[in-house]
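This briefing covers domains, chain contact, sheets, helix packing and selected loop residues. The structure to consult alongside the text is shown first.

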There are 2 protein chains.
Amino acid sequence: MTKRPFDRLRKRLAEVSDLTKAATLLVWDQRVMMPPGGSAARADALGTLSRLAQECFVAPEIGGLLEELRGLEESCDYDSFEASLIRVTRRDYEKATRVPPELVGEMRRAAALALAAWGPAKEDSDFEAFRPHLETNVELRHRYVDCFDPPQETYDVLLDDYEPDMKTAEVRQIFDGLKEQLVPLIQEIGQAGEIDDSFLTGSFDPHEQRELGLEIARRFGYTDEEWRLDQTPHPFMTTPGFGDIRLTSNLRPDDLSSLFATMHEFGHGAYEWGVDPGFARTPLGSGVSLGVHESQSRTWENLVGRSRSFWRYFYPRLQEVFPDEFGAVDEEMFYRAVNKVHPSLIRIDADEVTYNLHIIVRFELEQELIEGRLAVKDLPAAWNARMHEYLGVEVPSDAHGVLQDMHWAAGSLGYFPTYALGNVISVQIWERALEDLGDLDDRFERGEFGDLLEWLHLHLYVLGRKFTPQETIERVTGSRIDAEPYLRYLREKLAPQPA
Amino acid sequence: MTKRPFDRLRKRLAEVSDLTKAATLLVWDQRVMMPPGGSAARADALGTLSRLAQECFVAPEIGGLLEELRGLEESCDYDSFEASLIRVTRRDYEKATRVPPELVGEMRRAAALALAAWGPAKEDSDFEAFRPHLETNVELRHRYVDCFDPPQETYDVLLDDYEPDMKTAEVRQIFDGLKEQLVPLIQEIGQAGEIDDSFLTGSFDPHEQRELGLEIARRFGYTDEEWRLDQTPHPFMTTPGFGDIRLTSNLRPDDLSSLFATMHEFGHGAYEWGVDPGFARTPLGSGVSLGVHESQSRTWENLVGRSRSFWRYFYPRLQEVFPDEFGAVDEEMFYRAVNKVHPSLIRIDADEVTYNLHIIVRFELEQELIEGRLAVKDLPAAWNARMHEYLGVEVPSDAHGVLQDMHWAAGSLGYFPTYALGNVISVQIWERALEDLGDLDDRFERGEFGDLLEWLHLHLYVLGRKFTPQETIERVTGSRIDAEPYLRYLREKLAPQPA
């Protein structure tokens, strides 16, 4: 105990981080590798690890060290590692000490069990099999909310876990602005006539898809040394440790959506990969919020992966691999097809415009659930009605409706809004990158993505959680969250052109 | 804290078990899935988890509970769950409290780093790249040995971790007996002339091998619900949780050794799979010792998997899959080839007879290392000399010599002798099973292995760690460890028959 208080704090935080990363691996494994028989044991192990991580973090010793370190924090630059670590840890600590470790463990355990039930329930489109788990998750979130001072809106507490400092009212304002402009845009596009995308459905060998996805990801910056790519029903990215980035994609034999999923998850992975290695095993060592995270997945999936210049580079390769399907389809037809705007049932397959309405549906339902205005048993009907109202689609089954996403199974209520926020932020950051780098299209056409990765790495990824999400966005873009660039981008790219 | 002391003990032990199982998964993942870039972070996480598991286990609260529970233990049957759990936990506790958690964490961390270095070192046959790691591991074992009362022989302390209560002197006596009978047996077999096994080398599609291995394992009792099979350079089995049995096999494209590796690891898996589910999350919930464990892997690999009756059932299937290789090879030729006795370089490929000499070489070298009579830097030369002396083979490179096994990288010194003990025990148990079940060959010929699995399950697997290894062996076989049945089995099966 002769060490400096700052070193003692780091040591404690490293321990918490190790436990958290171990839990991360347990979840990855559960979703990617574990035989189903392991579910119960895994839920127990996750419950214990999460509880212990929480216990280690909220230990009075850490509180004491944070007090002791106020002097050091004040004597260091705001931007310094020391001040940032103390500041961010204090914020996390003040929040974490509100929540009993038992509750944290119980939430994790219940989520592991719910996840195990969700897979088969989705497969059988059997909401009733999943309902009790979701009820438990919602009930546990009520207990979680009760740990904090009464917020302006109950949902604020949930949202804060994924988008720190953001309030429900702010999100609502942004989403109202999106809805106001996107609904007429969707109508306008719909009236301009149907785009042919029939060739995107066919027979696409999953093995080939995986290889193509890897080929793209490697062009972007994926290496076998530090990354891996697996197959899951629901694509995701996770990092069980520094230098260990795990992507999954959903390789469906009848469409090419896995390519976009791989690019999407690459974006998440790149953000984590680029965090300052000096932040490893500290609370600074990850992306700053899920909104900012999603901005990066959407950047690589959409701003890069659905651009004309990307496909100028990659479409010949795709034609080479699938000559029967694409031999007679020219590049422009393909480009328009992968950018077709059309209301549909599945969020992760939605186009860039209607995607946001999928999110708004979930945002509204989550608020109603957590505020007790909607019972879990009534959720499927409410889902189907809302999808009809906002997107004009009929939901044929819960598998294509309320059961499609795993987030609620994983206990992640309050997470979905960050997806649409990510869209908004992505274009703000993108415009700044273009200001510095100039036009990127000629580089993309040559399959060169290194300049973009480097810019994002140096301006954003490296920062990790050093600053708040708002500070981070302002540092990178010079402004607060603002939907206008995103809406402008969508109109320029996708609104019908005057003949 | 109003709970009964026994329940409080179970709760504490469940926590320790969860941490240990999480560490188990981290190791599995490191060896099977993790990109190499994750090594450093993984070593840190493993160090922390192992240290915390140790800290949780040696907590004074557990010591206090064990004292409180002496009355309960005495009032319950020796065979009862309660008495067994208290008794076994006390034994573990008395041993564990000798070792500082920091040392446990450090051993685990060093082993993770050594394992990461071993892979490439073996690939490049570069002992020097591995040497510092092995030196660290040996040095840490010295510190570990120092935690205990001076033993009769230093090696006793290491051995006890893998084969509790067994002394080096006992092992030496058994091994001397083996050496005495096996060396002339090997000579006798060698003089009887060469068996043709050239057809076992060829081109065998690894994917087909994997499918065949799974086919066999499923016949034995493997299910997708609770098991999985992956590919690693060194086959192994591990259980990151009840109902979650993980096997790996080494799918080499030029031979069929993976089939035997898969059967071998199935045996380990079956033992863990069969432990009483009521023992989950307690110190009773695993196999009792590595010797008994190995007896089961060798049972399924050799007593079943190298038997005539097994191949009567399975050889037609093998011929079907590899018609070019085996179309002209009859069943008896094949049977004799997979049972060919011939001194060779690689332990895991060795035949049933010479295998034991591979173990004896390691057993002797380990004693010399831990007693300081042999320096790590001199190990390759000592290895090569001993292999020449005992097996008459010349070691062409360290990859085929001292670097071939991962055990020393994983810090497992004292582990190897259990392999030969396992051979000995396997036949003792096998003979008891045959007494109850009668001749099994007709069942094996029909591809029926369920009676054997059930017998082993009910008589051995289910016991877990309830009794000591000696008690377990005596309960199952009616006698102490005895090499005679094994030697008789080897002679009957493999000694040249009088013309």
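**Domains of chain A**

Chain A is assigned two domains, domain 1 (5–150) and domain 2 (168–494). The model is a predicted one. The C-alpha centres of domain 1 and domain 2 of chain A are 26 Å apart.

- Between the two domains of chain A, 36 residues of domain 1 are in contact with 33 residues of domain 2.
- On the side of domain 1 of chain A that touches domain 2 of chain A, at least two residues come from each of α1 (5–32), α5 (81–96), α6 (101–123) and α7 (127–145) of chain A.
- The most is given by α1(A), which supplies 11 residues to this side of domain 1 of chain A.
- By class, the residues on this side of domain 1 of chain A are 19 nonpolar, eight polar and nine charged.

**Sheet of chain B**

- In chain B, three strands make up an open sheet with mixed pairing, in the order β1-β3-β2.
- β1 and β2 of chain B are the edge strands, and each pairs on one side only.
- On average, neighbouring strands of this sheet are turned by 25° against each other, with direction ignored.
- Five bridges link β1(B) with strand β3 (residues 244–249) of chain B, and the pairing is parallel.
- B:Q231 has B:S249 in β3(B) as its bridge partner.
- Helix α1(B) packs on the sheet and touches β1, β2 and β3 of chain B. The direction of α1(B) makes about 135° with that of β2(B).

**Sheet of chain A**

- The open sheet of chain A has three strands in the order β1-β3-β2, with mixed pairing.
- Its edge strands are β1 (227–231) and β2 (237–241) of chain A, each of which pairs on one side only.
- From one strand to the next, the twist averages 25°.
- β2(A) runs antiparallel to strand β3 (residues 244–249) of chain A, and three bridges join the two.
- Within β3(A), A:L247 is the residue opposite A:M237.
- Helix α11(A) packs on the sheet, where it touches β1, β2 and β3 of chain A. The direction of α11(A) makes about 160° with that of β3(A).

**Helix packing**

- Two packed helices are described by the angle between their axes and the distance between the axes.
- For helix α10 (residues 206–220) and helix α11 (residues 257–274) of chain A, the axes come within 9 Å and cross at roughly 35°.
- The crossing of α10(A) and α11(A) is right-handed.
- From α10(A), the residues A:Q209, A:L212, A:G213, A:I216, A:A217 and A:F220 take part. They meet A:S258, A:L259, A:T262, A:M263 and A:F266 in α11(A).
- The contact of α10(A) with α11(A) has seven nonpolar and four polar residues, and no charged residues.
- In chain B, helix α8 (residues 154–162) has the buried residues B:Y155, B:V157, B:L158, B:L159 and B:Y162.
- The cover over the buried residues of α8(B) includes α7 (127–145), α9 (168–191), α12 (290–304), α16 (355–370) and α18 (417–437) of chain B.

**Loop residues with positive phi**

- A:D165, a residue other than glycine, has a positive phi near 75°.
- A:D165 is placed in the loop between α8 (154–162) and α9 (168–191) of chain A.
- A:D165 counts as partly exposed because 13 other C-beta atoms lie within 10 Å.
- B:R281 is also a residue other than glycine with a positive phi, here near 60°.
- The loop that holds B:R281 lies between α11 (257–274) and α12 of chain B.
- B:R281 counts as buried because it has 22 C-beta neighbours inside 10 Å, where the cut-off for burial is 20 or more.

Definitions and conventions. Residues numbered from 1 in each chain as written. Chains lettered and ligands numbered in written order. Predicted model: local features only at pLDDT ≥ 70, side-chain atom pairs only at ≥ 80, totals over all residues. Domains from an automatic or database assignment. Contact = placed C-beta atoms within 7 Å. Helix = DSSP H or I, 4+ residues; strand = E, 2+ residues; numbered from the N terminus. Nonpolar A, V, L, I, M, F, W, Y, C, P; charged D, E, K, R; others polar. Pairing = 2+ DSSP bridges. Axes fitted to C-alpha atoms, helices over the stretch in contact; angles between N-to-C directions. Buried ≥ 20, exposed ≤ 12 C-beta atoms within 10 Å, placed from the backbone. Left-handed = near helix turned anticlockwise from the far one by under 90°.
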